[in-house]
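Trainee: I have a new model on screen and want to learn how to read it. Where do I begin?

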Amino acid sequence: MPIWVDADACPKVIKEVLYRAAERAQIEVTFVANQPLSVPPSRFIRTLRVAAGFDVADNEIVQRAQPGDLVVTADIPLAAEVLAKGAKALNPRGEMYSDATIRERLVLRDFMDTLRASGVQTGGPATLNQRDRQQFANQLDQWLQKR
């Protein structure tokens, strides 16, 4: 049960948590991106570079993810797709998506897209803080213990 990371938008501090977890738990972590990535040397940490383009990295993750795998992403549609395949999805703020929560997130995302398309300034997400990082680490540890 490897970990797949939507690395193009993954915050550096979260990547660092994942680097340490890969070594500690001796689990394969693959960072998928459409640009070159620099990762520490490790037999557990890999990068997968995909072609540039809309959702190319997301599609690669969906294709490779298997039931029980963990996908780290803030991308709601990607999370929904991997959940449908039986994988787990965790966002960088430490929220473990579930079948019960993903529908609500998709509806909210679509609503915000509609607002932005009509000219409403909605702002972006808040800056990742220490509490978010800790919550992510806690959820990751729980997933690692269950596997």
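Predicted model: local features only at pLDDT ≥ 70, side-chain atom pairs only at ≥ 80, totals over all residues.

Trainee: Strands, then. How many bridges join S1 to S2, and do the two run parallel or antiparallel?

Mentor: Look at pairing and direction together. S1 and S2 run parallel, joined by 4 bridges. For a landmark, find Val-5, which stands opposite Phe-31 in S2.

Trainee: Is S2 enclosed or open, and why?

Mentor: Burial is judged by relative accessible area, and under 20% counts as buried. In strand S2 (residues 29-33), 5 of the 5 residues are buried, so the strand is largely enclosed by the rest of the structure. Check the side chains by direction. Val-29, Phe-31 and Ala-33 point one way. Thr-30 and Val-32 point the other way. Both sets are buried.

Trainee: Now a charged residue. Is Asp-6 buried or exposed?

Mentor: Asp-6 belongs to strand S1 (residues 3-6), and it is buried. Asp-6 has no salt bridge. Lys-15 is the nearest side chain of opposite charge, 9.3 Å away. A salt bridge here needs a nitrogen within 4 Å of a carboxyl oxygen.

Trainee: What does the Asp-6 side chain join in a polar contact?

Mentor: Thr-73. The two side chains make a polar contact of 3.0 Å. Leaving out residues up to four places away in sequence, Asp-6 touches several others, including Val-32, Asp-58, Ile-61 and Leu-78.

Trainee: And the loops? Where does Gly-53 lie?

Mentor: Gly-53 sits between strand S3 (45-49) and helix H2 (56-64). It counts as partly exposed because its relative accessibility is 40%. Next, compare sequence with space. Gly-53 and Asn-34 are 19 residues apart in sequence, yet their C-alpha atoms are 7.9 Å apart.

Trainee: How many salt bridges does the structure hold?

Mentor: There are 4. Arg-24 and Asp-141 meet at 2.6 Å, N to O. Arg-24 lies in helix H1 and Asp-141 in helix H5 (residues 130-146), so the pair ties together parts 117 residues apart in sequence. Arg-24 is exposed, at 53% relative accessible area. Asp-141 is partly exposed, at 30%.

Trainee: How far apart in helix H2 are Glu-60 and Arg-64?

Mentor: They are 4 residues apart, which means a separation of about one helical turn. Their side chains form a salt bridge of 2.5 Å, N to O.

Trainee: Which residue forms a salt bridge with Arg-93?

Mentor: Asp-132, with the closest N and O atoms 2.7 Å apart. Arg-93 is in the loop between strand S5 (88-90) and strand S6 (96-97), and Asp-132 is in helix H5, so this pair links parts 39 residues apart in sequence. Arg-93 is partly exposed at 27% relative accessibility, whereas Asp-132 is buried at 10%.

Notes
Residues numbered from 1 in each chain as written. Heavy atoms only, no water. Buried < 20%, exposed > 50% of the residue type's maximum accessible area, 1.4 Å probe, protein only. Lys, Arg positive; Asp, Glu negative; His and termini not counted. Polar contact = N/O pair within 3.5 Å; in protein donor to acceptor, adjacent residues only side chain to side chain. Contact = heavy atoms within 4.5 Å. Pairing = 2+ DSSP bridges.
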